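Work through the following exercises with the sequence and the coordinates at hand. Each task is followed by a stepwise solution.

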Amino acid sequence: MVTVTHVKKTFHRKGAAPIDVLGDVNLQVGPKDQIAILGKSGAGKSTLLHVLGTLESPTAGTIEFDGKDIFKMNESEISGFRNRQIGFVFQFHYLMIEFSALENVMMPAMIAGLARSDAKKQANQLLEMVGLAKRIEHKPNQLSGGEQQRVAIARALMMRPRLLLTDEMTGNLDPATGAQIFQLIQSFHQNSQMAVVSVTHDEGLAASYPRVYRLEQGKLVKVK
């Protein structure tokens, strides 16, 4: 489904030496794959996820989705592809504070141009699935950290993505809540063809994944 070939990422800053974050990264992701990527702080894990998710473009190399080089598309096409095919769950939920839980979950569908009634129905279903049926009208500041992350998961799944990318999704939560969030992702994964790639520093969490890599000196090293 996704083929990453010889991907490099270098950041250039005015008046400073270039910073090579990723160097010769290769990875294949198939339907229903579950992959964990470990690495020290500053190793480039989030950068890799951003490149995989088309939030950043690679300096060199290719990322193909179903055999098509994503970065040969124009910005509008990339944006539409990201909206429909990729879901994101970050350590910090990035919910829009002025909108309710329901409106936050509806947002990807509204951006895609879906009918509001259809978006609302699907968002309600997702919020019920994550255990927030009674909290749909609450705004983020009225929700706990775990509840906010569940809203973020529902939003990430709104467009039924084929690839879910998570970046330290439990890193800001207590262990018990973090375990609940992980199990929630697992339950969605089991009932779909969605692939999951998770960046984490948590060795215990990574051990739960069938495939594990460590990002070292800008390259992926297979752990299992």
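Buried means under 20% relative accessible area, exposed over 50%, and partly exposed in between, with a 1.4 Å probe and protein chains only. The model is predicted: local features need pLDDT of at least 70, side-chain atom pairs count only at pLDDT 80 or more, and totals for chains, interfaces and linings use all residues. Residues are numbered from 1 along each chain as its sequence is written, and side-chain values use heavy atoms, with hydrogens and water left out.

**Exercise 1. Locate A43, decide whether A43 is buried or exposed, and list its contacts.**

Step 1. A43 sits in the loop that links strand 3 to helix 1 (45-52). Helices (H or I, at least four residues) and strands (E, at least two) are DSSP runs, numbered from the N terminus.

Step 2. The relative accessible area of A43 is 18%, so A43 is buried.

Step 3. Leaving aside neighbours within four places in sequence, A43 is in contact with V21 and L215; contact means heavy atoms within 4.5 Å. Between A43 and V21, 22 residues apart along the chain, the C-alpha separation is 7.2 Å.

**Exercise 2. Describe how helix 5 packs against helix 6 and against helix 3.**

Step 1. Axes are lines fitted to C-alpha atoms, for helices over the stretch in contact, and angles run from 0 to 180 degrees between N-to-C directions. The axes of helix 5 (residues 145-156) and helix 6 (residues 175-190) come within 10 Å and cross at roughly 15 degrees. The two helices are therefore roughly parallel (angles under 35 degrees count as roughly parallel, over 145 as roughly antiparallel, 65 to 115 as roughly perpendicular and the rest as oblique).

Step 2. On the helix 5 side, G146, Q149, R150 and I153 meet T177, I181, L184 and I185 of helix 6. By class, these residues are 4 nonpolar, 3 polar and 1 charged. Ala, Val, Leu, Ile, Met, Phe, Trp, Tyr, Cys and Pro count as nonpolar, Asp, Glu, Lys and Arg as charged, and the others, Gly among them, as polar.

Step 3. Helix 3 packs on helix 5 at about 30 degrees, with the axes 8 Å apart. Helix 3 and helix 5 are therefore roughly parallel to each other. A101, N104, V105 and P108 in helix 3 meet V151, A154 and R155 in helix 5. This contact has 5 nonpolar, 1 polar and 1 charged residues.

**Exercise 3. Which residues have the most contacts inside the largest nonpolar core?**

Step 1. A nonpolar core is a set of buried Ala, Val, Leu, Ile, Met, Phe, Trp, Tyr and Cys residues joined through side-chain atoms within 4.5 Å.

Step 2. The largest core has 40 residues, and V105, L127, V151 and Y209 have the most contacts inside it. Among the elements that each supply at least two of its residues are strand 3 (34-38), helix 3 (101-111) and helix 4 (116-129).

Step 3. Apart from this core lies another, of 32 residues, including L27, I78, F90 and L165.
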